[in-house]
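Here are a few notes to read alongside the model. Have it open as you go through them.

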Amino acid sequence: MSIKTSSAEGAGQDSPSTTAPLSAAARLRRVRWYQEPRWRRLGALLALAVTLRLMTGEEGTTQDLFLALREDFTGVGLWVWLAIAVAVWAVREFLADQTSSAVEGTKKVSAGPLERVRQVWSADKRVRMGVLTAVLALVVFGPLGVERYWQQVLVDQIAIFVLLAIGLNVVIGWAGLLDLGFIAFFAIGAYSAAYWTGSLPVQPPVALNNFLVLPIAVLTCLVAGVILGAPTLRLRGDYLAIVTLGFHEIVYLMAKNADGVTEGARGVKVDRFSIDLGFFSYEWKLDPMPYYWLLVVFIVLAIFLFLRLEHSKVGRAWTAIREDEVAAAATGVPTVRYKLMAFAIGASTSGVAGVAYASKVGYFNPENFAILLSILVLAYVIFGGMGSIPGVLFGAAFLVWLPEYLREWVDPKDRYMYLGALLVIMMIYRPQGVLPSRRRKRELRMAEAGVGGADATGPAEGRQP
Amino acid sequence: MTTETVKKEQGPAGGSAGAGELVLETSGVTLRFGGLTSLDNVELRMRRGEVLAVIGPNGAGKTSLFNSLTGAYVPQEGRIVFRPREGGEHSLLGAKPHVVSQWGLARTFQNIRLFGALTALENVKIAAETRLKSGPVSIMLGLPNARKAERASDRRAHEVLSYVGLLGKMNELAGSLSYGDQRRLEIARALATDPEVLLLDEPAAGTNPTEKLELEELIRRINTELGVSVLLIEHDMRLVMSVADRVMVLNFGKKIAEGSPSQVQRDPAVIEAYLGAVAEEDEAAVGQVVAEDVSGPAVRKAGTREDAGTGAGTGTGAEAARRDTEEHE
């Protein structure tokens with residue numbers, strides 16, 4: 001950018017003869033068509049294609065260091081990748097224009113297909129109930145028909161991460177607090193389960209049933225959320241993110257190094273879920289489906305409770321804080337309390353997920369709570385659409401499923417490369433996520449138009465002395 | 001709104017009995033940013049039910065005063081006391097902004113700060129709800145008290161919106177309203193907190209003449225019908241002269257004059273602050289110049305903040321500009 005302006009100045013001040021020494025690249029930068037953002041997007045996509053080819057192609061060897069480069073740049077593979085990149089770009093840049101203009105031509109309403117579905121959705125209650133019942137039935141009974149492997153994936157990963165994403169959505173999507181240490185609460189939940197069921201070297205006063213641990217874990221995570229939040233929620237954006245990152249490291253390292261308390265890296269064995277009411281007893285064993293149904297209950301419950309929050313006083317206060325904290329405080333919103341509330345609610349959801357995870361897998365170690373998971377959950381929320389429950393559900397389910405699915409098609413080591421590429425394309429073309437919340441979408445649109453500001457772009461104004 | 005109307009306790013201009021009751025009182029308020037003194041030993045006495053205007057050149061410390069009163073800034077020295085109607089007194093010095101709002105001081109902002117992605121109704125509801133008690137647990141469980149609170153805030157927001165004349169636009173996004181409507185929505189949001197004192201920071205900036213007249217009427221109605229005391233920062237002298245019971249003039253963080261609008265207009269110190277020179281001239285003529293000079297920049301203010309050289313040629317324009325940007329940061 002700076003090069004462009006300086007060369008433009010030079011051309012303006014001096015006679016035309018001095019424009020000759022401009023490099024071809026500098027001249028290109030001044031051409032109008034080049035300045036259109038779509039070319040920059042094409043560049044990004046091509047670079048992505050080359051990177052993917054390099055990362056997923058041949059591996060180098062110690063004998064021939066340049067083998068990978070040579071192989072990857074000479075074969076057909078590179079061209080396939082480049083062609084895919086150009087195709088994605090062309091479809092998105094040109095065909096999308098045509099389709100959307102065609103839609104607007106037939107219907108004066110400037111609504112995309114998603115918006116029209118939304119209109120039908122909000123207009124008729126029967127449609128809503130019917131669709132929800134069908135979806136729920138599909139979610140509950142559908143997995144009975146799939147292979148055992150996929151059932152495992154569904155429980156161990158998809159259901160757990162969906163629950164985590166719903167929790168993180170409260171913190172990030174609604175209250176707008178960037179939390180990079182979310183998995184710490186997951187760990188706290190899991191270790192609470194281990195402690196209270198008597199699976200750790202330190203014994204609890206009474207060993208409890210896994211189900212009874214749930215409220216205790218919720219409470220523990222709530223308290224942990226407040227302990228982390230109280231001193232740090234005066235920080236904003238980036239600073240808060242760093243503090244939460246540090247909090248995650250503390251929890252993770254404690255789990256790893258406090259051998260006498262947590263068994264350290266050896267990991268912990270935890271009993272599975274069981275109910276014994278005297279007249280009725282049931283034990284969750286190896287079959288994943290009962291766990292799955294249990295988790296579906298948790299998830300539906302969480303959605304049900306949180307949706308009420310979103311369209312209430314609390315949800316509005318969160319939006320106000322996200323948009324303009326100074327104005328929110330001046331309007332009488334106790335900002336710190338609401339931020340703490342978001343933190344605590346997110347943390348306790350994570351705690352439930354932790355207990356469920358520990359009681360399902362039966363064995364875990366600190367590596368199950370690596371920082372990467374925090375980042376992944378964040379990616380799920382952003383991919384699906386921050387602040388939108390359907391978006392978050394879809395984002396988590398799809399992005400957890402994708403690497404597992406790719407296992408059959410590509411080198412398993414490269415799976416996350418494809419996930420990364422998908423996220424890059426997504427952020428170029430649909431930064432608001434797959435199914436964005438309406439409030440978030442408006443914020444993004446206004447930020448682009450320069451009115452107000454989404455929290456990413458708005459000015460952060462601090463409390464003076 | 002009408003149900004909660006409180007009879008105004010005194011006539012305008014503080015002439016009647018009971019005028020001595022102070023609702024807001026500051027003494028010796030001094031606010032510094034590093035080496036810059038933004039407020040210097042400011043005394044303010046506001047009577048209940050009056051409209052007090054604060055005027056002064058750009059960078060005089062008017063918005064800093066507002067920020068100090070509402071807890072956004074914490075002055076290093078001084079005393080700020082608010083006496084609510086039900087008795088007792090609160091020190092506003094260093095109080096948290098949301099607490100100040102709950103005690104009964106509401107404000108608007110010079111550079112409009114609405115929640116742009118929310119509708120007008122939601123903006124006002126947020127303010128109304130700060131007065132209602134319902135916790136997250138009762139909301140999640142859908143308990144009756146949460147539903148009652150929701151209905152109450154809805155009703156209150158409708159009332160306030162119809163009071164300022166925005167009911168027809170309640171479902172529009174705050175960010176897409178016209179400038180004048182945004183100003184009124186900010187006032188509605190402040191009113192929804194049931195304030196005793198309303199602090200308006202340049203409510204007329206960037207509005208057109210018609211909107212200005214409507215605004216003038218609105219301020220007067222808020223003051224007389226609702227019995228809300230109004231503290232007003234404004235550059236539009238015509239508006240100040242017609243609405244204010246008393247005027248206080250700040251320059252370089254110091255109070256240089258206080259009194260009725262006509263008194264202040266004739267005050268030599270005020271004229272000097274605005275024009276930079278004291279000439280023995282026809283007072284009425286000078287007063288006229290002051291009025292025009294001050295209302296001029298108010299119009300330009302809408303766009304940029306670089307308008308501090310008020311055309312008076314005092315040579316302090318640059319200084320004032322620096323203070324001004326500091327002030328609004």
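1. Which residues in H10(A) meet which in H11(A)? From H10(A) come Phe185(A), Ile188(A), Gly189(A), Ser192(A), Ala193(A) and Trp196(A), and they meet Asn210(A), Val213(A), Ile216(A), Ala217(A), Thr220(A), Cys221(A), Ala224(A) and Gly225(A) in H11(A). Contact here means C-beta atoms, placed from the backbone, within 7 Å. By class, this contact has nine nonpolar, five polar and no charged residues. (Ala, Val, Leu, Ile, Met, Phe, Trp, Tyr, Cys and Pro count as nonpolar, Asp, Glu, Lys and Arg as charged, and the others, Gly among them, as polar.)

2. A word on the source: this is a predicted model, where local features need pLDDT of at least 70 and side-chain atom pairs pLDDT 80 or more, while totals for chains, interfaces and linings use all residues. Residues are numbered from 1 along each chain as its sequence is written, and chains are lettered from A and ligands numbered from 1 in the order in which they are written.

3. Back to the chain contact: chain B puts in 34 residues and chain A 32. On the chain B side, H3(B) gives the most, with five residues. That side divides into 15 nonpolar, 11 polar and eight charged residues. Helices (H or I, at least four residues) and strands (E, at least two) are DSSP runs, numbered from the N terminus.

4. Chain B also has an open, mixed sheet of six strands, ordered E6-E7-E8-E3-E9-E10. E6 and E10 of chain B stand at the edges with a single partner strand each, so one side of each lacks a neighbour in the sheet. Strands pair if DSSP finds at least two bridges between them; E7 and E8 of chain B pair in the parallel sense over five bridges.

Key: Contact = placed C-beta atoms within 7 Å.
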